[in-house]
Amino acid sequence: MRIVIAGNGPAAVSAIESIRQYDDETEIVVVSPECDRAYTPCFLGRYVTGRIELDDLYFRPEDFYDKQRVEVVRDAVLSVAPAEHTVFLESGDSLSYDRLLLACGAGTVEPEVPGLKGPGVVGFRDLADAEKIRGLVVAGNRALVLGSGFVAMEAVEALAEVGMDVSVVVRTERILRRLFDAEVADAVETDVAGHGVTFLKNSDLARVERDADGGLVAALMADGSRVECDLIVTAIGMRPNVSIVSGTDVEVGNGILTDHHMRTNVPDVWAAGDLAEPEIAGVRRVNLIHPNAILTGRVAGASMVGVHRPMSSHFRDMNVLTLFGKSYLSIGSIDSPQSLSRIDDDGGLVKVFLDSNVVTGIQMMGDVTRGGIYAALIGRRLPEGVTERLMSPEFNFGDIETWPFED
Amino acid sequence: MEDLHVDMELCTGCRACELACAAEHTSAELPATTTVIEDPAAIEGVQRGIRLQTSVAYARFERCLHCTDAPCVTACPNGAMSLDEELGVVFVDAARCQGCFMCAMVCPFGAISRHPDTGLALKCDGCRDRALEGRSPACVEACEAKALRMGGGEDAARRRQRDKAREIAEAMGLPRLRGERSR
């Protein structure tokens, strides 16, 4: 049997390990236009600044593919013909498969702005982007970052650290809207602004001004203002790379739809990682975070060799952002009006969101090392009289062992 | 494979285990054991992979359980957190760790702390170096009361915590998947 995996990121690596846990015989072919060796996109900012080396991004040893007996093909899967069990590659070649895993991730959403496409404008998604940015950063020059989400903030940190004069285009009043409430978002903004970063609130890029040679000159904003810049980094969002299945019967929502075994609706085709949208217990969700790529890859890999290890629930919404050495953590739903919080002298914060005394979400700033203990609270009803203990710096797992889940 | 067993009924709360852990994993100057007994706050801020918690309904140790299918290993983006299969120990490679704390975000036991100097993830490494020499972990060696000892199988406290971990992990979307090797 031959398994073809389109993509070579965390989901692909996880699937390979899972397949090999059960099956030594199956031939595995990985097809990726991007790299011969999987890397994590999580620390690209630190690679841009030179704080870490390329080697620090590789999350498996160099001999991983040899040891797992995987053939790596440096090419791109352009289309899939499920009826023929064949994928067509950019080079013109084709590959037949018995089982196919689609694990080619998500790409940067390109803003539709006149003049934007061209030199000096880069996304912030993959290693190629990071390499480009490394070639374009000049201390003292002006950089404009489009977007104010997690990835945008990582770009902001990197550009500021190398000494660029950074401005951030924020479409609304608040940064990191999907991750934090106003209290934490404002605190992040204040912390980041303290490193010389300017936030352009309620602003939108209308047009990009270029010189006769196509060189970047300035960003023209919707309100008529003009911001001179030498580099623009776009990070307004991410979109699963679903075009790989266009023209096929594979069902697509926000991502490629799968069941809880990561199987698509088409026989012998699975999907995992950032591009997959599994339906688990009636809920569909795309979740662009490393642990989800590992978990879904593991489930898909097992399923492809006939071992059923289905997802029993979605990986919970959570993420931790570290900027200029300070961490900010978000878990679950943070829009409940009821909350408890503790603010420490050193700028640390713990905030627990509640709905009718059931914990729905958590936010932390500073020391986030107890984040997992608080994460374990979600869905539990707070017993009487625990508020003080809950907010104590010594709050620990022993406290909650006996607290019941609401359902 | 031997695991750390805890008998809280024997624990005198001297915190020599914490001190020994810190001494084993740091070159920093540390207060003498007697000082810790008299003034437990003396070792606050000193890095250690085991911490005695006395401020709950019952005393317990905050420590790594070296979980099977550990959430921290799944969550670590660049392979810094891994399982030593031979020793059954989950450990962090400080040379690879980026201090992102995705590991802490998914650890229901609070077993991961922040190294006060480097800002990187710090946790119990099962005293791997000592284990390879056939020696007990530093905390076990330091425990005069024999509340900590190495033994086969699981003690009741550990089993209870592991069952709880499974429940929590599943609620967090980190299923302990069927067909996994167990130890």
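Reader: At what angle do helix 1 (residues 10-22) of chain A and helix 7 of chain A pack, and how far apart are their axes?

Author: Two packed helices are described by the angle between their axes and the distance between the axes. In this predicted model, helix 1 and helix 7 of chain A pack at about 35°, with axes 7 Å apart. Axes are lines fitted to C-alpha atoms, for helices over the stretch in contact, and angles run from 0 to 180 degrees between N-to-C directions. Helices (H or I, at least four residues) and strands (E, at least two) are DSSP runs, numbered from the N terminus.

Reader: Which residues make the contact?

Author: Two residues are in contact if their C-beta atoms, placed from the backbone, lie within 7 Å. Among those of helix 1 of chain A are A:Ala12, A:Ile16 and A:Tyr22, and helix 7 of chain A contributes residues including A:His290, A:Gly297 and A:Met304.

Reader: Is A:Gly45 buried or exposed?

Author: A:Gly45, in helix 2 (residues 44-49) of chain A, is buried because it has 23 C-beta neighbours inside 10 Å; the cut-offs are 20 or more other C-beta atoms within 10 Å for buried, 12 or fewer for exposed, and partly exposed in between. A:Gly45 lies 7.3 Å from A:Glu157, C-alpha to C-alpha, across 112 residues of sequence.

Reader: How many residues of chain A are in contact with chain B?

Author: 43 residues of chain A touch 38 of chain B. Helix 7 (290-304) and strand 22 (318-323) of chain A are among the elements giving two or more residues to that side of chain A.

Reader: Which conventions apply?

Author: Local features need pLDDT of at least 70, side-chain atom pairs count only at pLDDT 80 or more, and totals for chains, interfaces and linings use all residues. Residues are numbered from 1 along each chain as its sequence is written, while chains are lettered from A and ligands numbered from 1 in the order in which they are written.
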